[in-house]
Amino acid sequence: MPAVELRGVSKRFYFYEHRTSSLREWFIRRVLRRPIHVRRAAFTLHDVDLTVGRGDAVALLGRNGSGKSTVLRLIAGIYHPSSGTVRTEGRITAVIELGAGFHPELTGAENIALYAAVLGLRRKELAERYDDIVEFAAIPDLPDTPLKYYSSGMEARLAFSVAVCLQPDILLLDEVLAVGDQAFRERCLERLRQYHARGGTLILVSHELEQLRELCTRGVWLDQGRVVMDGPIDAVLERYRA
Amino acid sequence: MTAALRPLGRVWRYRELLHSLVVRNLKVKYQRSLLGFVWTLVNPLFTVAVLGVVFSHVVRIPLAQYWAFLLSGYFVWNFTLQTLNTGTYIFAEHSRLTRSVAFPSEILVFGAAGSRLIEFAVEIGLVLAVLAIFHHHAVPDSYLVLPVLLAIQLLLVIGLALPIATLSVFYYDVYHALPIALTTLFYLSPVFYPAEMVPAAARGLYFLNPIAGLLTLYHDVLYWGRMPSPHLLAGMLLAAVLIYLAGYALFRRYAAIFPEIV
């Protein structure tokens, strides 16, 4: 059983006016039976097949809006496919938005605990990794300072430190590698390389192509919700750049 | 039966996140305030004082020790009001979280109710003590029924908060409409008058409002110090369970698409 298997997966989003709008419009539409808009279906993904073996490191490439984040959200179980099946095996950590769940009034230590709980870590597991996280983030006075006094770079570093110290079976990262200064980024890449070397499955979305080449062995190129190319990272990057 | 128990299993699996959310809610609320929990008490006590003066000196409600009557129900009303209100913005407040992490999103509603419950536990503890000392001059046996009342209250309020939260994701109108509904409900529930004052002919209709039953139970137990009628107790327990199950079913039906909308 591979780590991730998407079979014939399509994801359709409906843009109903009333989803973001009001009862007044519902009334006009349903009671007065006057259509004030058309239900618009937009495909983000079309019949995507993707199998990721255990221990693979896969890069998802494509322009904005090509469906990369949607693929990650489907794998993570945040979205459900409109058709097709998504199967995964093992514990998944998805970092789609860095520090979602952080609260500015809480201290660094409290935020670490909260974010770890959000990402599904047990308290006992967190206790084992806490020192590692703090050390990796390397932020002075981290545990006792409320998050709102952090610079945005420091906040991102803290979030990223929690994420990379989790050691899940499958790690999904959505354009979150561009955080911190050069030195911190180097350490992040090093940590991800270690994770991969130990057999962790990695799926990355990034626009920093050199990073992808360094970390991944395979590239999957998405365009308008379809897989247009799937192969060794160098070959895919070469075509993608052309 | 297993379908009804499944939600409990989900919550159990995410108990640590629930715990973290409850702790966070309380920490964020109190940590930068000097008087902290005192504020949580001052607000309802102030209302109780105003109601007490108005309804014992201006519009006279014929009840001995009217303040004790107010205390026995007002905090329950306050818990209901605040928890239902939270439902209207909880998903807007946590939209980033909902969009980027897969977790059962009812945990957010449970977390909000949980932190309110802890505050309520402290409040009701104080009320119990005050009523025992100054009103009953003893600890009435009826206090023993309180755990059942608490269970009814939780099931009922969460069962109502879940559909409110669901609707709020789709229609922002709920955010504006709910305060109006709650103000109406305040007058249509026995908060500052006993349900016995409602004309007998209208009482059947009156008790369609489940909050009216809940408050009447609290009045029996805390103010009158008597065991509530088994009819009312059993009926309310059943109603609370049904409302909870219905509310939860509605929530689950739409929760899968919340991340696409919030």
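Predicted model: local features only at pLDDT ≥ 70, side-chain atom pairs only at ≥ 80, totals over all residues.

Colleague: How should I read a sheet, and in which order do the strands of the open sheet in chain A stand?

Modeller: Strands of a sheet pair through backbone hydrogen bonds, and the pairing is either parallel or antiparallel. In chain A, an open sheet of 6 strands has the order S5-S6-S7-S3-S8-S9, with mixed pairing. S5 and S9 (226–232) stand at the edges with a single partner strand each, so that one side of each has no neighbour in the sheet. From one strand to the next, the twist averages 15°.

Colleague: Which strands are joined to S6(A) by bridges, and how do they run?

Modeller: S5(A), residues 92–95, is joined to S6(A) by 4 bridges, and the two run parallel; on this side, Ile92(A) stands opposite Ile170(A), and Ala94(A) stands opposite Leu172(A). S7(A), residues 201–205, is joined to S6(A) by 5 bridges, again in a parallel arrangement, with Leu202(A) as the bridge partner of Leu171(A).

Colleague: Are the two faces of S6(A) covered or open?

Modeller: Both are covered, with Ile170(A), Leu172(A) and Asp174(A) buried on one side and Leu171(A) and Leu173(A) buried on the other. Counted over the strand, 5 of the 5 residues of S6(A) are buried. Elsewhere on the sheet, helix H9(A), residues 233–241, lies across S3(A), S8(A) and S9(A), and runs at about 130° to S9(A).

Colleague: Turning to backbone angles, what is the phi of Glu175(A), and where is this residue found?

Modeller: Glu175(A) is not a glycine, yet its phi is positive, near 45°, and it is found in the loop between S6(A) and helix H7(A), residues 182–197. Glu175(A) counts as partly exposed because 18 other C-beta atoms lie within 10 Å, whereas a buried residue would need 20 or more. Ala138(A), also not a glycine, has a positive phi of about 50°; this residue lies in the loop between helix H5 (123–137) and helix H6 (152–164) of chain A, and is partly exposed, with 14 C-beta neighbours inside 10 Å.

Colleague: In chain B, at roughly what angle do the axes of H2(B) and H6(B) cross?

Modeller: For a helix pair, one reads the approach of the axes, their angle and the handedness in turn. The axes of H2(B), residues 15–30, and H6(B), residues 106–136, come within 8 Å and cross at roughly 50°, which means that H2(B) is oblique to H6(B). The crossing is right-handed. Among the residues that make the contact are Leu17(B), Leu21(B) and Asn25(B) of H2(B) and Ile107(B), Gly111(B) and Ile118(B) of H6(B); by class, the contact has 10 nonpolar, 4 polar and no charged residues.

Terms used
Residues numbered from 1 in each chain as written. Chains lettered and ligands numbered in written order. Axes fitted to C-alpha atoms, helices over the stretch in contact; angles between N-to-C directions. Parallel < 35°, antiparallel > 145°, perpendicular 65-115°, else oblique. Left-handed = near helix turned anticlockwise from the far one by under 90°. Contact = placed C-beta atoms within 7 Å. Nonpolar A, V, L, I, M, F, W, Y, C, P; charged D, E, K, R; others polar. Buried ≥ 20, exposed ≤ 12 C-beta atoms within 10 Å, placed from the backbone. Pairing = 2+ DSSP bridges.
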